[in-house]
Each structure stands twice: as structure tokens, then as C-alpha cells.
Amino acid sequence: MPLRFGDNVSTAETDYGAVLLDERAGTYWELNPTATLVVRTLLDGGEEADAAAALVREFDIDQAQALRDVETLVGQLRSSGLAS
């Protein structure tokens with residue numbers, strides 16, 4: 001399922017990754033380079049498996065661990081109300 005941020009979420013690229021602003025709550029989420037790669041891949045229409053493959057290519061980690069990391073991040077973004 002594609003990742004979509006709510007209308008109340010602003011994003012900004014940083015030197016270290018990205019920052020998300022939840023305008024409803026006035027809270028910021030800082031994404032490290034790994035999370036930023038996952039979010040970019042998913043926002044560009046990729047699936048979770050595509051994001052995991054991007055992590056494997058970029059950071060030379062195990063495929064199973066990459067998929068778990070992607071699923072965890074997506075779950076946190078959705079449960080926080082930032083993404084659907």
C-alpha cells in the first residue's frame with residue numbers, strides 16, 4: 001500500500017535526512033538517512049519491498065532486517081497519524 005502523508009504534514013530535506021512537521025500537534029519528527037530513503041521510495045510509489053531493497057543496496061544490510069525496519073517505520077508513521 002502506498003504511503004501518503006496527511007494534508008497537515010509538512011516535509012523538509014535536511015543535511016542529515018528529513019524533518020516532518022505535524023501541524024496539528026506542532027511536533028517534529030526527524031528522519032535519519034535510512035528513514036528518509038524509505039519514505040522517499042514509498043512516496044514515489046514504491047512498495048515496502050522496494051524500500052527494503054533500496055536499504056540493502058545503499059547500506060549493505062540483510063534483506064530480512066531491511067524489511068523489518070521498513071515495516072516498523074511505516075507502522076510508526078501510520079499509528080502516529082502522520083501517514084495513511
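Start your tour by selecting G45, the residue that follows helix α1 and has a positive phi, near 100°. Helices here are DSSP runs of H or I with at least four residues, strands are runs of E with at least two, and both are numbered from the N terminus.

Before you move on, a word about what is on your screen. This is a predicted model, in which local features need pLDDT of at least 70 and side-chain atom pairs count only at pLDDT 80 or more, while totals for chains, interfaces and linings use all residues. Residues are numbered from 1 along each chain as its sequence is written, and side-chain values use heavy atoms, with hydrogens and water left out.

**Stop 1: the sheet**

Now colour the strands. You will find an open sheet of 3 strands in the order β1-β2-β3, with antiparallel pairing; strands pair if DSSP finds at least two bridges between them. β1 (9–13) and β3 (27–31) stand at the edges with a single partner strand each, so one side of each has no neighbour in the sheet. On average, neighbouring strands are turned by 20° against each other, direction ignored. Such angles run from 0 to 180 degrees between N-to-C directions, using lines fitted to C-alpha atoms, for helices over the stretch in contact.

Select S10 next: its bridge partner in β2 is L21. From L21, step across to Y28, its bridge partner in β3. β1 and β2 are joined by 5 bridges, and 5 bridges also join β2 (residues 18–22) to β3.

The hairpin of β1 and β2 has 4 residues between the strands. In the hairpin of β2 and β3, also with 4 residues between the strands, G26 takes a positive phi near 70°.

**Stop 2: two faces of one strand**

In a regular strand the side chains alternate between the two faces of the sheet. Show the side chains of β2: A18, L20 and D22 lie on the covered face, V19 and L21 on the uncovered one.

**Stop 3: helix α1**

Select residues 33–43. Contact means heavy atoms within 4.5 Å. At the start of α1, look for N32, where a side-chain oxygen reaches to within 3.1 Å of the backbone nitrogen of T34.

Which residues of α1 are buried? They are A35, T36, L37, V38, V39, T41 and L42. Buried means under 20% relative accessible area, exposed over 50%, and partly exposed in between (1.4 Å probe, protein chains only). These buried residues pack against β1, β2, β3, α2 (48–59) and α3 (63–79).

**Stop 4: two salt bridges**

How many salt bridges does a search of the whole structure find? There are 2, each a side-chain nitrogen of Lys or Arg within 4 Å of a carboxyl oxygen of Asp or Glu.

Select R40 and E13, whose side chains meet at 2.7 Å, N to O. This pair links distant parts of the chain, helix α1 and strand β1, 27 residues apart. R40 is partly exposed at 41%, and E13 is exposed at 54%.

Then select R24 and D22, which meet at 3.1 Å, N to O. Here R24 is exposed at 55%, whereas D22 is buried at 4%. Leaving aside neighbours within four places in sequence, D22 is in contact with N8, T27 and L82.

**Last stop: D60**

Finish in the loop between α2 and α3, where you will find D60. Phi of D60 is near 50°, a positive value in a residue other than glycine. Is D60 buried or exposed? At 70% relative accessibility, D60 counts as exposed.

Terms used:
A polar contact is a pair of N or O atoms within 3.5 Å; within protein, one must be able to donate a hydrogen and the other to accept it, and residues adjacent in sequence count only if both atoms are side-chain atoms.
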